[in-house]
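Welcome! Take a look at it first, then read on.

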Amino acid sequence: MASYSSLTDLIPVQSQLDYALEDATTPQEKESLVKQYLEKLDDREDLKIPDFEKGLQWLNTGAPLSLRTELSGKVVVLDFFTYCCINCMHILPDLRQLEQQHSVEDGLVVVGVHSAKFPNERVLENVQSAVLRYDITHPVVNDAEARLWTELDVSCWPTLVLLGPRGNLLFSLVGEAERQRLALFAGVALRHYGARGLLRGHGVGVRLFRDSLPPSVLSFPGKVALDPAGKTLAIADTGHHRVLLVASTGQVLHSIGGPQSGWRDGDLSEAQFNSPQGVAIKGQVVYVADTENHLIRKIDLSVGKVTTLAGVGVQGTDKEGGGTGLEQPISSPWDVTLGTAGGEEDNVLWIAMAGTHQIWALFLDDGKLPKGSTSARGTCVRFAGSGSEENRNNAYPHKAGFAQPSGVAPAPATPWSCLFVADSESSTVRSLALTDGAVKHVVGGERDPLNLFAFGDVDGKGVDVKLQHPLGVAWDPNSSLLYVADSYNHKIKVVDPKTKQCRTVAGTGEPGGTLGPGFSESSFNEPGGLCVGAGGKLLYVADTNNHLVKVLDLQTQTVSVFPVLPAAVDGPAEVDSGARKLPKLPKSTPVVEMPLLTVSPGQTVNLELRLSLPDGTKLTEEVSSFWSIMAEGNDWLLDSQVISGDITDLSRSHAIRISVPATAASTNPTLTLNAWVYCCQLQGGACMMRAVSFKQALQIDPTSRQDLVSVTIKYIFHT
C-alpha cells in the first residue's frame, strides 16, 4: 500500500520558508527564496498525497478528475471550503484573480474540495446551488465525508493546498488575506516547473454547471423587506445582482442593477451591485447591503439615483470603525435594518457585518450608541462583537462574540428594546439590547461559546432548541413573536422571546418546492430572509434556492408563490397572437390529463376553458392573467395560430380554437394548455399566482367528421 503525506509533514518544511519570507524586503528576494525552497522539495520523493476517492460527485467538469491523469503535469490549487463559511467566500476573488493571471493551458488548475460543516451541505444539489450563487467556474468535487480533508490533516476553512506536477505537496495557506502569498507561490511554481518541462498544457474538460440551467425571473433571492405602508416589497435578487421593488400585486415597479455584477453609482438605469443581500425600505428610500462589494448603498427613488454610503469597495479588516462612511472599510454586510440610537427616529442603519462577525451602526443622522459617545452623521462604527468568531454572550457589547451574523430584526418597543440577530455559524438567535448593548442568548446553540457545532433540528426551549445555520429573522410587533428562517433545515420557525419557546411553522425539513396543502406539507430550499406583512397576517419568504418569494398566510395556514411580473400591462387585451414571455410553472402546478380526443384534418377544435378562483379572492386588475397553448415536438399543429391570450373575466368561459391542418398526418400529438391566474384577497393582503396545466392528447383520424368539435375544460383553484 502506497505511503502518503499530509500537511503535518509539510508544515515543518514550509515554516522555514515562511520565516524567511517575513524578513525578505524585495519581490526578487522573495521569489528567490521560493525557488530555492522548490529545488529542495524536488530532491524529495515523498510528500505525495492520495488521489480523490472514486465515485465522488463533480461539478463544472465533464467527468471526474484525477491527480494521476487529468491533473498530472499541472500546478494544482486545492481549495478546501464549505459553502456556509464567509471566510471561504472571501478568498474566491483571490482565486478568480489567480485564474485570470494563469490559465489551465499555462499549467494551473484550481479545484474546490467541498468539505461540509453542516449535514445540509453534504447534499450535491445544495453544493450545486452554492457553486451557482458564488459564480464558481473551476472544478468542484463534493467530498461529502471529508475523506481528503481527513487524509491531509486539514483543520479549518478555508485552507489552500498547492500541489506540484506529480501530485506532491508544495505549500499550504490557511485563512484569509493570503492573496499576495498565493500569487507568489503559484507564480514561482509555474515558472520553475515550466522551465524544467514538467508542465502540460492540456485541458481538463471544464463544463460549467450554470450553462445547463434555464433562466428564471429571480436568481437566489437573499432577503425581502416590506415598506411600512405594506404596498411595496423590496427583493434582493442576489444572483442577478439587482434590487427589485415590487407592488403587492407582483408588478415590478423598479429594477435597479444587473444582470452583471459591478459597483456603479448614478441613475437607476446605470447602477450596479454585486450580490446584494439585506434591504430596508422606508418611503422613497431603499438601503442595500451590497455584500460582495463590501458596501452600503442607498437607492433614492425621489431623485432616481443610487449612491454609496459606506465602504471602499474592497473587503476591510477593521473591527473598530468610527470613520466617515466613504472612508470606512467594511466586510461582507449581510443584512440591514433601520433603527433609532440617541437621536431622531430612524437615524441609524444597523448592519449585520458577517465578514467581521459583528453588528455595526451607520449613522444617517447625528446620534449616540448606548454607553457611547455622540456620532456624527455618516459615521460607520462597531456596535457589538469583538470580531472573534464565537457564540459569546456578554453584558459588554464589545466583549460579546458573534459567528457570521446574517440577519437582524429590530424590536424597539418595551419590554424588548433590542435587535434580534440570526447568528448563522453558531446556529443561534441572539438579542442585542438597545438600552445598554448587552448580548444575550435566545434559542439554539449551546453554552460553550467556542462550540460552533451545536446544530440540529429540534423544537423546544432555549438552549435545548437546535437550528442549522439560520440566515434571517423578522419581528412581528402585533404578536410579539419572532420568525426565523432556519435556512439549512429548510424551515420557517417562530420564537416567543418571553418564554424562549421555539416551534416549526412551515417546512418539511427536506429541500423542495411543494406548496401545501398546508404549512406542514409545504417545502422550502434554504430560505435566506423573511419579513412580516398585513399586520402580522402574512410572511414573505425569500426561498433562495427555489428562486422564488413565497407568501405564508398565517390565518389560512397556506403557502403561495408571490408573483414577480417583469413588465407592466397598460390594459387588458383579449388575445395575443405574438410570442409571450412565459413564466416558469411552479413544480407544484397540478397537471390534468384529458381523455383522448379524435380529430380529423381540417377540423376545428374548440377548447372552452372555465376557471374558478379560490373563495374570497378576485382577479388582480393591475396584472393580466393569461393562458398559453403548445404542442411540443409538433409545432406544425399550431403554426400561424393564436397560442396565448389574456384571462380578464372568469364569469364566462374562454374559447380557444385550434384548426387541425388539412395536411395533418395520422399522428398522435398532445396539446398542452397552461393557465396563469393572478389574484388577491378581497379584504386586502396577500396576492398570489395560481397555475394549472392541461394535457389534451389528440388522435388524428383521416375519416371525415363535422367541422367543429368542442371540449369543456374546468378547474377550481383552491387556497
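**Aromatic rings and overall build**

In this predicted model, F171 and F185 are both buried. Their rings have centres 4.0 Å apart and planes at 10°, so this pair is stacked. F171 sits in strand β6 (residues 169-174) and F185 in helix α7 (residues 179-195), so the pair ties together parts that are 14 residues apart in sequence.

**Other aromatic rings**

- The count of aromatic pairs comes to 17.
- F118 counts as buried at 0% relative accessibility, and Y488 counts as buried at 4%.
- Ring pairs also join F118 and Y488 with F80, Y83, W149, W157, F453 and F455 in a cluster.

**The chain as a whole**

- You will find 7 helices and 45 strands in the chain.
- The radius of gyration is 29 Å, close to the 27 Å that the globule rule gives for 719 residues, so the chain is as compact as a globular protein of that length.
- The C-alpha trace spans about 95 × 65 × 50 Å along its principal axes.
- Of the 719 residues, 57% count as buried.

**Surface and charge**

- The accessible surface of the chain is about 29300 Å², and 49% of it belongs to carbon and sulfur atoms.
- The chain carries 60 positive and 79 negative side chains, with the centres of the two sets 2 Å apart.

Terms used:
Residues numbered from 1 in each chain as written. Predicted model: local features only at pLDDT ≥ 70, side-chain atom pairs only at ≥ 80, totals over all residues. Heavy atoms only, no water. Helix = DSSP H or I, 4+ residues; strand = E, 2+ residues; numbered from the N terminus. Rg over C-alpha atoms; globule rule 2.2 N^0.38 Å. Buried < 20%, exposed > 50% of the residue type's maximum accessible area, 1.4 Å probe, protein only. Areas by Shrake-Rupley, 256 points an atom, 1.4 Å probe, with all protein chains shown as cover. Lys, Arg positive; Asp, Glu negative; His and termini not counted. Charge placed at Lys NZ, Arg CZ, Asp CG, Glu CD. Phe/Tyr/Trp six-rings, centres within 6.5 Å; stacked < 30°, edge-to-face > 60°.
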